Amino acid sequence: MAFIPSSKGESNMQVKDIMSTDVEVVGRNDDLSQVEDLMVAKKLRHVPVLENGELMAIVSQRDLFKAMMSSTMGYGEKAQQAYLHSVRVKEIMTYPVVTVAPDTAVGEAADLMVQKGIGCLPVVAGTQLVGIVTKTDLLRYLHSLST
C-alpha cells in the first residue's frame with residue numbers, strides 16, 4: 001500500500017515537519033520498571049535507547065509486554081515488579097533500529113513503516129537523535145490534509 005499525497009501541494013512534506021522533537025529516552029542499563037513507568041506516565045509506545053548520546057536501539061511496549069508475559073506468567077504483582085527491577089533494557093531492546101533522516105519525505109516514511117511492520121521511526125541527523133515519527137504523527141498529518 002503506497003502513501004498517496006494530496007493534491008493540495010503537501011506532497012513535499014518531510015519527516016521534520018511532522019516529527020515529535022521532545023523525545024523521552026532510556027539507557028541500555030536502565031531497568032524495565034523505569035521504562036514501564038515512563039511509558040505509562042507519558043503514554044508512550046516506543047522509547048529510543050541511547051548510549052553516549054547515540055541511538056543504539058528501541059524498546060517498544062510490545063517488547064516490554066513480551067518480556068513480562070514470558071517471565072511472570074502466574075506470578076503475583078510483587079513478583080512482576082521484582083522481575084521488572086531485575087531486567088535491563090539491553091536484554092529486551094530491538095536493534096538495529098530502522099531510522100530516517102529529517103528530510104525524508106513523509107510518504108517514504110509511511111511506506112517504510114508499513115513495509116517493516118513498525119510503529120515508529122527514530123529521526124537521526126548523522127548519529128544524533130533529533131526526533132521520532134510515529135503512526136500517530138502520520139495519522140495527524142493525514143487528518144490535517146482532509147480538513
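Trainee: What makes Glu-51 and Arg-28 a salt bridge?

Mentor: Their closest N and O atoms are 3.6 Å apart. A salt bridge is defined as a side-chain nitrogen of Lys or Arg within 4 Å of a carboxyl oxygen of Asp or Glu, so the pair Glu-51 and Arg-28 qualifies. The pair links distant parts of the chain, with Glu-51 in strand E2 (residues 46-51) and Arg-28 in the loop between E1 and H2, 23 residues apart. Helices (H or I, at least four residues) and strands (E, at least two) are DSSP runs, numbered from the N terminus.

Trainee: What do these values rest on?

Mentor: This is a predicted model, in which local features need pLDDT of at least 70 and side-chain atom pairs count only at pLDDT 80 or more, while totals for chains, interfaces and linings use all residues. Residues are numbered from 1 along each chain as its sequence is written, and side-chain values use heavy atoms, with hydrogens and water left out.

Trainee: Why is Glu-51 called partly exposed?

Mentor: Its relative accessible area is 35%. Buried means under 20%, exposed over 50%, and partly exposed in between (1.4 Å probe, protein chains only), so Glu-51 falls in the middle class. Arg-28, at 25%, is also partly exposed.

Trainee: Which residue does Arg-88 pair with in a salt bridge?

Mentor: Arg-88 pairs with Asp-31, the closest N and O atoms being 3.7 Å apart.

Trainee: Is Asp-31 buried or exposed?

Mentor: Asp-31 counts as buried, because its relative accessibility is 10%. Arg-88, at 30%, is partly exposed.

Trainee: How do you know that Glu-24 and Lys-42 form a salt bridge?

Mentor: The closest N and O atoms of Glu-24 and Lys-42 are 3.3 Å apart, so the pair meets the distance criterion. Glu-24 lies in the loop between helix H1 (15-18) and strand E1 (26-27) and Lys-42 in helix H2 (residues 32-42), so parts 18 residues apart in sequence are tied together. Both are partly exposed, Glu-24 at 25% and Lys-42 at 46%.

Trainee: How many salt bridges does a search of the whole structure find?

Mentor: The search finds four.

Trainee: How many helices and strands does the protein chain have?

Mentor: The protein chain has six helices and five strands, and buried residues make up 37% of its 147 residues.
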